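Please examine the sequence and the structure shown below. The paragraphs that follow lead through the model one region at a time.

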Amino acid sequence: MSRLAIADAFSQLTRAATTSDELYAALLDVSISMGFAFFALIHHADILLVGGKAIRLHNYPADWVEYYDANALGLVDPVHRASHMTNEGFVWSNIAGLMPLTANDNRMFELGAAKGLGNGYTVPNNIPGEPMGSCTFANGVGVAMPVDMLPVAQLVGLAAFQCARRLWEIRPISTGKPRLTGRQREIVVWGGRGKSDWDTSRILDLKEDTVARHFKDARKKYGVGKRILVIIHALRDGTLSFLDFEPY
């Protein structure tokens with residue numbers, strides 16, 4: 001099967017998948033087709049804390065997973081940190097080109113190798129308002145990286161994560177979801193930039209109590225009591241983005 005055919009077949013499977021088991025089977029088959037033994041589709045979160053709310057689908061060596069979880073390595077994993085630096089897939093052996101590696105980072109790779117995990121290729125999946133995540137394909141120690149398949153792995157990784165987002169209902173579409181009005185959005189943005197009600201009223205040519213009322217209405221829409229929680233909810237549902245709070 002050609003590389004394009006592999007990617008296309010996997011895309012069709014993910015569009016039709018209705019359960020995590022179907023996605024797992026599709027990832028296992030495509031990993032073998034690309035020349036990889038292992039895969040991991042995950043959110044970069046404390047899995048033991050958040051449980052089933054986070055995406056986690058893999059066939060990594062059981063010994064490594066047990067050690068990884070017991071020592072909360074997901075919080076310091078250099079592969080996770082590197083995937084926050086780029087939107088393009090990367091080979092683990094090239095991570096030093098993305099960020100400095102510490103002694104602990106190198107030690108973690110050594111520990112993984114001791115448990116049977118060699119070099120890998122990770123496709124980042126970072127969506128504002130959602131936990132950062134990635135799709136990784138890897139082999140055992142000493143197995144060559146199937147370089148010619150990396151473009152396919154990039155496409156497969158993106159399709160797999162999108163399918164998982166749908167199955168896990170990470171951000172389900174709902175017409176009943178609270179949305180800010182245009183004016184409320186403006187006011188929340190300026191508040192998120194550190195402006196007081198008085199500052200915002202001067203910027204938008206409004207009365208100070210009008211600004212306060214709009215913020216109060218925004219809190220009611222999200223059912224929260226604090227302004228910072230309005231910002232968090234608005235980021236999560238896509239009403240706002242982190243770029244809205246960049247220096248102006």
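**A walk through the predicted model**

In helix H8, which spans residues 182–192, the buried residues are Gln-184, Ile-187, Val-188, Val-189 and Trp-190. The structure discussed here is a predicted model. The partners against which the buried residues of H8 pack are helix H9 (197–204), helix H10 (208–222) and H11. After H8 comes Gly-194, which has a positive phi, near 95 degrees.

Helix H11 covers residues 227–236, and Thr-239 is found in the segment after this helix. Is Thr-239 buried or exposed? A residue counts as buried when its relative accessible area is under 20%. Thr-239 has a relative accessible area of 12%, and it is therefore buried. Leaving aside residues up to four places away in sequence, Thr-239 touches Arg-179, Leu-180, Arg-185, Tyr-222 and Ala-234.

The wider arrangement may now be considered. The domain assignment divides the protein chain into domain 1 (3–168) and domain 2 (182–245). Between the C-alpha centres of domain 1 and domain 2 there is a distance of 37 Å.

The next topic is the largest nonpolar core. This core has 31 residues, and those touching the most other members are Phe-10, Leu-23, Leu-27, Met-34, Leu-41, Tyr-121 and Phe-137. Two or more residues each are given to this core by helix H1 (3–16), helix H2 (20–34), strand E1 (38–43), strand E4 (120–125), strand E5 (133–138) and helix H7 (150–168). Which element gives the most to this core? That element is H7, with 9 residues.

Rolling a probe the size of a water molecule over the atoms shows where empty space is left. In this model, the largest pocket holds about 520 Å³ of space. Its lining consists of 33 residues, and Tyr-60, Trp-64, Tyr-68, Asp-77 and Met-108 are those that lie nearest the centre of the pocket. The elements giving two or more residues to this lining are E1, helix H3 (47–50), strand E2 (56–58), helix H4 (62–70), helix H5 (78–83), helix H6 (103–114) and E5. By residue type, the lining of the largest pocket comprises 20 nonpolar, 9 polar and 4 charged residues.

Key. Residues are numbered from 1 along each chain as its sequence is written. This is a predicted model: local features need pLDDT of at least 70, side-chain atom pairs count only at pLDDT 80 or more; totals for chains, interfaces and linings use all residues. Side-chain values use heavy atoms; hydrogens and water are left out. Domain bounds come from an automatic or database domain assignment. A nonpolar core is a set of buried Ala, Val, Leu, Ile, Met, Phe, Trp, Tyr and Cys residues joined through side-chain atoms within 4.5 Å. Buried means under 20% relative accessible area, exposed over 50%, partly exposed in between (1.4 Å probe, protein chains only). Helices (H or I, at least four residues) and strands (E, at least two) are DSSP runs, numbered from the N terminus. On a 1 Å grid over the protein atoms alone, a cavity is a set of points where a 1.4 Å probe fits but cannot get out, and a pocket is an open set with protein on both sides within 12 Å along at least five of seven lines; lining residues have an atom within 4 Å of a point. Grid points are joined across faces, edges and corners, and a volume is the space filled by probe spheres set on the points. Ala, Val, Leu, Ile, Met, Phe, Trp, Tyr, Cys and Pro count as nonpolar, Asp, Glu, Lys and Arg as charged, and the others, Gly among them, as polar. Contact means heavy atoms within 4.5 Å.
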